[in-house]
Amino acid sequence: MEILLQLLFSGVALGMIYAVIAFGYQLTFATSGTLNFGQGEALMLGALVGLSLVSTIHGGPWLNYWLMIPLVMIFGALQGALVEWIGVRPSIKTKSEFGWIMSTIALAIIFKNVAENIWGKDDLTFPSPVSAKPFQVFGANVQLMQVLVVIGAVAMMLAVELFNRKSIYGKAVVATSNDPDAAGLMGINTGRVITFSYALSSATAAFAGVLVAPLTLTGATMGTSLGLKAFAVAIIGGLTSGIGAVVGGLILGVCETLTGFYISTGYKEVPGLLLLLLVLAVKPAGLFGKAAIKKV
Amino acid sequence: MRNRKWGLYVAGIALLALFPVVVGNPYYIHLAETILIYAILLFGLDIVVGYTGEVSLGHAALFGIGSYTAGIFFFKLGVPLVLVNVAASIVVTAAFGALLALPALRVTGPYLAMVTLAFGTIVQILINEMTFLTEGPLGIKVPKPSLFGHKLSEFEFFWFVAALMVIALVAVTRILRSHLGRAFQALRDSPVACDCMGVSVYRYKVYAFVISAGLAGLAGCLYTYSEEYISPNTYNFELTILFLLAVIMGGRKTRSGPLLGALIVVTLPSLLSDIHLFRGIATGAAILGVVLAGALLARKQKTARDVAIPVASVIGMAVFSYFLENIVDWRLTIFGFMTLFVVYYLQDGIVGYIRGTLEKFRPRQLAPLAAWEANADASRAWAPPAKAGEATGNLLKADAILMQFGGLKALNEVDLRVARGAIHGLIGPNGSGKSTMMNVLTGIYQPTRGGVMFEGKSIVGNTPSEIALAGIARTFQNVQLFGEMTVTENVLVGLHHTFKSNLFDVVFHTRRYRDEERAAHQRAAGILHFIGLADLAHEEARNLPYGKQRLLEIGRALGLDPRLLLLDEPAAGLTAPDITELIEIIRKIRDHGITVILIEHHMDVVMTISDIVTVLDFGQKIAEEAPAHVRADPKVIEAYLGSGAADAAHGAAAA
């Protein structure tokens, strides 16, 4: 029982990380119908830049963990804007799905390779900002960092939702995602909104990177599999629903830790794909997604 | 022309046959073998990427499944027969392709890319984990196979691969030239129109992916025998990107493109491992880039801004190459930049670029009309008359259709009865719900409530392609032709339903397929004569003037042998003489027993030819009477001109 509970706890923490990344996919999908296939790499870069700031590897420590977070998010935003500028904007102009998929992947490959050359190919440990000593909840061990991950992830998503609903800039984002042409005619610079959504999406990913880094190892390859799982989450929950991302993330996170423990760690990637195919077969728009009516 | 083509084929086969004998060096023979194997896979990938326009990021995994199927059949099951293993690889990989494509292609958007990406990762993990089948990271050793009891030598196996590559080349070319290939191309040009021609976009996308997977399986199987050893790490994400790069770099929608692309990506790793060679190539590319850009600028074809980024990037690459000490570490970065460059500046690939340049000097001539096309008989346009059904009564019955978009009721409890053999006008001011009605009748929208009966059967909930095959054809208000296909091909897509041939018939050009293809071409020629586009049969549809495009849409719809034809503003944008012609055509269509629903804003057209006219306003039916009565109906006048006008008209009528 305690083991099960323990697995549930780590599944939830993992799932919330997936949810934040999936949320990032949704942000750009809403404004432009495109996704950053290098979202995992944005997370990885965030974690590694954070590591350089708080640890000794590049002459530091320069900052403590909490002060580092805003800097990393700014870095993430710039990186996201760069991806949009190089990889996405030209393809939106030519309406080429192949174009943005291939160029965001190409950029992801470049980022990963550059990171390997700067930070090396080996995984590094990220100093934990809080005590790593677990405490007991109903007999199961929980790390404070896991709780922080959940809180941080929820706070991030809530902040973005609030921004979209309350601020005038947020309304521009919502308007663009509803109808880009009409929003453009109303004087909204939709190009800038799309750039902004990419910046926000990568900033979220970078934030997720520094959240998850103390719990796992940090390295150039850490992002790929996280980004991929978040794809599954985004499809399971629906590409248009924030709640869907959270629920999808929790389902996948828990499924994975359970599979990893009860079946084999080698197979823990499998339920994600199975769930993905199952959801697409049964409810293609995702558990919480709305099927769009295409107008002719 | 034909002779030259055959000469090319013979030269190609001779080259393949003589290559090992002339070269003799096993290393180069193996390299060439790999190129041919990749080419087989790329032919298939091109069907998905080039034709249907979907992106697959799982082809390395499919390639791996093909490899491991052959490996497992040989190593675990002890099947020594190479042809059995080839067949097994194709079938197993195609089955995996279906497993992926069936759910992933149900929705439009980047889903296939996402699902195949996940699949690629999982397959690699599973190959590593399922040691009882795959031996995990240890890999499987497979010797060169025997064919009919004779163990193939290095040379002979090359010929075996070459023969299969030629077979794959012929098969893929035949598939793409058949009705299947036309469907693949049509669904990319206009998915909606494709569905409404009875060619289910979903089904044909899945077909395309499964065929593509089968070819990946074949390639994988040959790869196993070629390498004689397989291990999981070969089939990684990098390989998938390499395949995609090869297809776009070579040139989409061609066979020579994948061959060239395979040649490039197979030699690429060795190019990227020698720093001196790379520096030479980067410098060469920079010089070429500057010269090309200079030429373009001098001829004022491009502005300085257009060429700035590519020129800066090739120069940057050259400079970068001299700073590098260790190229291996930066291999992937270079690879990434190459991908970006190809995606943006070489979209049509090398083959496409060369072709485009050549056409500038010698514009492509349209193939002349064949004698049978020029002399086709318009009476062939019509399908042999079906069994004479009841000649009277309602062909279509729509009951209390409610179509709600959020809070807006685009159609509010509208009834429609369309009598067999009638021309039924449907008019109303803009936004009154006419086109929504069309979309409900053809299955593009599912009505919120209400029923539609066609020939006594309910069609609500059927897919657009099912409804089209049941006998309802349509044209579109905003023209939806298959722009990159010729006029004849557009009509042939409409005639898709006349084909019963399957993949086997197409690949082997069986008698059934040849008969069907001939019959379809003759009918297409007949239809083009009927709508007066016979002279333009080989022109690309997007090059037609607007009015002709509208006529072509009617022709394409006639190919479907409809019993009900829905025309959505066919006269929009037509000149006065064109309109007279159009009226004549619609009358003739009716005379051939096809019932017509006509949406039109040209009142003279509607009033001249309609037997009965339904008027919609704000989603409500406000009148349904003979044309003469509609014209005098105060409610109709009010809808069009406002209430004051209605009073005036009424007063005038009374006076």
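Strands β7 (residues 423-427) and β12 (residues 595-599) of chain B run parallel and are joined by 4 bridges. This is a predicted model, in which local features need pLDDT of at least 70, side-chain atom pairs count only at pLDDT 80 or more, and totals for chains, interfaces and linings use all residues. Residues are numbered from 1 along each chain as its sequence is written, while chains are lettered from A and ligands numbered from 1 in the order in which they are written.

**Sheet in chain B**
- B:His424 has B:Ile597 in β12(B) as its bridge partner.
- The open sheet holds 6 strands with mixed pairing, in the order β10-β11-β12-β7-β13-β14 (chain B).
- Strands pair if DSSP finds at least two bridges between them.
- Helices (H or I, at least four residues) and strands (E, at least two) are DSSP runs, numbered from the N terminus.
- β10 (472-474) and β14 (620-625) of chain B are at the edges; each has a single partner strand, so one side of each lacks a neighbour in the sheet.
- From one strand to the next, the twist averages 20 degrees.

**Helix on the sheet**
- Helix α24 (residues 576-591) of chain B packs on the sheet and touches β7, β11 (564-568) and β12 of chain B.
- The direction of α24 makes about 150 degrees with that of β12(B).
- Axes are lines fitted to C-alpha atoms, for helices over the stretch in contact, with angles from 0 to 180 degrees between N-to-C directions.

**Contact between chains A and B**
- Chain A gives 34 residues to the contact and chain B gives 35 residues.
- Contact requires C-beta atoms, placed from the backbone, within 7 Å.
- On the side of chain A that touches chain B, the largest share, 14 residues, comes from α4(A).

Definitions and conventions: Contact = placed C-beta atoms within 7 Å.
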